[in-house]
Amino acid sequence: MRNVSGCNKLNPDRQNKTQQSMAETPAEPQIDCELQPPSNTLSEPQLQYQLHPLSEPQPLPQPDTLPQPLPQPDTLPQPLPQPDTLPQPLPQPDTLPQPWPLPQPQPDSLPGPQPLPQPDTLPEPQPPSEEEVKPWVWTRHCVLLLFLLASSFCASIVGLAYYSQQHLPPESTPPASPPCTSPACQRATARLSISVDPFSQPCDYFLFPCGSEGASLSNRGRQRGKGIPLHPQGHKRRAAQAEKERERGRKERETGTDIIEKAPADRLPDRQTALLLTMREILEAEDRSSPGNSARKKACMFYRSCMDTGPTESAGPEPFLRLVHKLGGWAVSGRWNQTDFNSTLSLLMRDYGTFPFFSVYVGKDPNDTQGDKRYIQIDQPDFQIPTEWSSKTQKSKANTQILRLFLASYQRLLALLGSPSSSTILHIGLFISLSSELAVAASPLPHRLQQGLLYQRITIKELQTLAPAIDWQGCLQTTFHPHPVSQSDHVLLHNLPYIVHMSRIIGKWLNKHELSGSGPLHTFMVLSLLHTVIPALDSRFTQTERNFSLALGTTVEDVPRWRQCVLQTEKGFDTVLKHILRETTAYTEAEELIQNVYSSIKSKLSDLRWRDEESRMSVLNKIQSLTPRLSTKNNIFSEAELNQLYSKVTIDEHMYFSNYIQSLSLQRQRPSKLFSQAEGDDIWSLTPFISGNELVFPIGMFVQPLFHPTYPRAINFGVLGSLMAKDILHLLLPNIHSQSVSPRSIAECVRYQYLSMTEGPGREGAFSLSPAQQQEMWVQYSALQIALQAYNQSLKKYPGDSSLSGLSHTHLFLTSFTQINCDSDPYHEFMPFEPSFLVTVICGYSNLCPTTLSCPNKPQQQLLGTC
């Protein structure tokens with residue numbers, strides 16, 4: 001007798017019946033069962049019961065019940081036979097076999113199997129022989145069992161895929177993301193290759209502070225938040241980085257180059273530096289397709305003349321002396337044409353952007369909420385002589401030590417101009433005396449805010465009465481020509497007491513007949529012009545100013561030459577640079593980033609715990625009422641219009657001083673721009689602003705290395721997406737701490753995580769957070785969550801993303817986020833530790849991160865779950 005246990009294991013009762021039947025058969029053909037299930041596989045009856053967990057076991061048929069034939073093609077398939085029911089006969093040769101139906105789970109409430117058709121309704125089947133039945137029975141069992149196992153395996157795969165889609169982050173997708181190989185991505189890859197992977201050294205990297213304080217022009221003297229101890233490793237790295245920065249600055253001063261830009265940085269620059277670098281790349285690009293007289297080519301030529309310092313050093317003071325001669329000379333040189341005071345003042349304001357006695361600019365009135373009209377605004381000037389404010393006397397004054405340093409500095413400047421030493425002391429003395437009298441009425445901004453001296457509206461006619469020494473209508477009309485200026489026009493004053501005092505001082509000095517030949521007021525204006533044009537003179541003049549600042553104890557920032565030249569080029573050619581920037585902006589990718597981030601912010605705010613329903617509705621209504629958009633529509637010029645606008649400008653690559661003078665004039669020759677430009681919509685706008693019912697995102701935000709259309713979206717969302725989210729929260733929720741209870745609880749949770757990671761549990765009382773620190777910590781942490789959620793939304797809508805350095809999706813997102821923790825903003829000082837630590841908090845309660853962040857030498861550390 002053949003052993004058939006390899007094909008199927010029957011229950012004992014059925015096995016006995018089968019053995020008896022086989023014993024009665026004299027000769028049995030051998031069965032070749034190649035598809036054998038494993039030995040521990042459930043038998044068919046057992047498997048059938050497993051698939052009916054909610055069904056009662058069906059009663060076994062009576063012994064006298066005969067098996068029914070297979071259904072014909074037009075008959076519905078019947079349920080499988082019960083365990084002890086004999087197998088059905090084989091179909092007739094002219095009838096195709098029907099597929100066996102799979103067993104389906106049947107709840108208790110469903111009816112049992114339908115009765116089999118009556119024998120008299122179907123043709124009488126011929127009983128098959130025992131030899132025909134048995135091989136077919138075992139083969140059927142093997143095939144059916146394997147089919148069920150394969151179906152179960154496929155169902156498991158589908159279930160796992162669904163679970164992964166719903167519960168796992170994008171990082172769980174197959175690591176077959178195509179690498180990004182664009183030039184922008186190659187530069188980003190080079191930066192990643194020299195930076196530390198934060199997930200390889202979490203205990204050190206996430207606790208390091210920013211390596212360089214004051215990294216941008218707008219971030220002077222920023223102080224770290226007080227009260228939270230810095231990690232010891234952070235102290236070491238800060239000291240090493242500071243020494244590295246000093247060495248780099250020394251080499252830059254010696255060689256005249258900007259070394260940090262010659263090699264990829266290990267961290268991303270702040271937003272202002274990123275925009276400046278983009279402008280530099282535009283200006284240094286050789287555009288051979290542009291005609292020789294195009295506005296774009298003139299802007300590039302201006303930049304190159306600024307960078308080429310050789311001709312400037314060779315020219316010395318001669319360019320400035322020629323300019324003074326055009327103004328009628330001055331008494332310091334012994335040659336002065338006794339020019340009219342108001343005529344010279346108007347000329348300086350119009351052509352040279354110089355305002356010796358007061359400053360003038362155009363802007364909105366914040367008290368005028370009904371419209372966007374822009375007004376001429378008049379303020380006290382930036383005095384060359386440093387003063388100190390006395391809260392006791394409510395006046396400014398210069399102490400004796402400062403006056404000595406100021407005197408020595410201007411003696412040096414006049415010597416560089418070739419002035420005879422015999423007359424230098426007299427004219428400098430008069431200049432210091434006049435400066436001191438004018439400055440005594442000046443006051444710092446906090447005092448003027450307290451006294452309500454800002455934005456005082458007054459007509460030009462009324463101003464003329466209060467300050468008669470200045471020809472106000474004549475000066476303003478000349479400055480803003482061809483924009484009309486009339487006596488009835490309103491202007492905004494920011495220190496009326498100073499303006500009145502200034503007019504009295506000028507009138508007094510004009511009437512000093514004994515000094516009429518010395519022209520102290522004219523000398524004062526010429527020296528103010530010298531202060532304006534010093535950046536275009538040789539390095540001896542700039543070094544003299546630098547030495548004076550150092551003598552006063554003022555921190556002097558080492559600004560690379562390329563930065564100075566980009567900023568100066570923008571002053572005269574801002575419309576050209578904005579036009580080029582718009583041409584290079586990837587609108588589709590930028591708009592997608594904006595919409596995804598703003599949608600995530602709406603979702604985030606709706607989940608906050610608010611103090612009351614009124615606060616909740618006020619914030620949500622404000623969010624819903626604004627439409628986010630990319631800034632593109634204001635002051636757009638075509639290429640031909642730009643060329644016409646700059647048609648009268650002549651640029652010489654070897655005469656930077658004359659180019660510089662033209663740029664000063666260009667700033668005052670476009671009054672239509674000055675009086676109609678939307679607030680915040682200029683080339684250096686780096687944060688969103690509200691205009692009417694729109695939330696506008698300046699195009700200056702979407703530049704490399706913070707954003708690029710060819711980058712993996714993980715970088716764009718991890719870098720600029722998180723910065724945008726932070727900006728929006730600050731803009732729309734300046735007092736969220738008073739409206740919601742969430743900022744405090746979340747901030748305290750993050751604080752505890754920080755202490756647990758750095759010092760271990762039990763240190764929760766080591767320091768406390770101020771309300772401002774709590775709010776900023778909530779903003780930074782929420783911004784990271786918002787950007788990550790926005791990235792996941794983007795992946796759902798557009799599956800797939802490219803990679804850099806073998807990193808993809810969430811790993812690349814979080815790594816990119818850690819590289820912007822030194823971005824400067826007005827609120828950064830309230831962040832008690834580096835925002836990169838927030839990645840540790842995110843990774844502590846989720847499976848988003850590629851590795852578990854833990855410190856081997858701190859076994860007591862613990863993260864307490866979601867913050």
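Begin by selecting Arg187, which is partly exposed at 48% relative accessibility; the class covers values between buried (under 20% relative accessible area) and exposed (over 50%), computed with a 1.4 Å probe on protein chains only. The model is predicted: local features need pLDDT of at least 70, and side-chain atom pairs count only at pLDDT 80 or more, whereas totals for chains, interfaces and linings use all residues. Residues are numbered from 1 along each chain as its sequence is written, and side-chain values use heavy atoms, with hydrogens and water left out.

Arg187 and Glu281 form a salt bridge, their closest N and O atoms lying 3.7 Å apart. The term denotes a side-chain nitrogen of Lys or Arg within 4 Å of a carboxyl oxygen of Asp or Glu. Arg187 belongs to helix 4 (residues 183–194) and Glu281 to helix 7 (residues 271–284), so the contact ties together parts that are 94 residues apart in sequence. Such helices (H or I, at least four residues) and strands (E, at least two) are DSSP runs, numbered from the N terminus. Glu281 is partly exposed, with a relative accessible area of 44%.

Move on to Arg350 and Asp351, which form a salt bridge with 2.8 Å between the closest N and O atoms. Arg350 is partly exposed at 33% relative accessibility, whereas Asp351 is buried, with a relative accessible area of 18%.

Finally, select Arg629 and Glu694, whose side chains meet in a salt bridge at 2.7 Å, N to O. This pair links distant parts of the chain, 65 residues apart: Arg629 is in strand 9 (residues 627–630) and Glu694 in strand 11 (residues 694–697). Arg629 is buried, at 12% relative accessibility.

The whole structure contains 13 salt bridges, including the pair Arg187 and Glu281.
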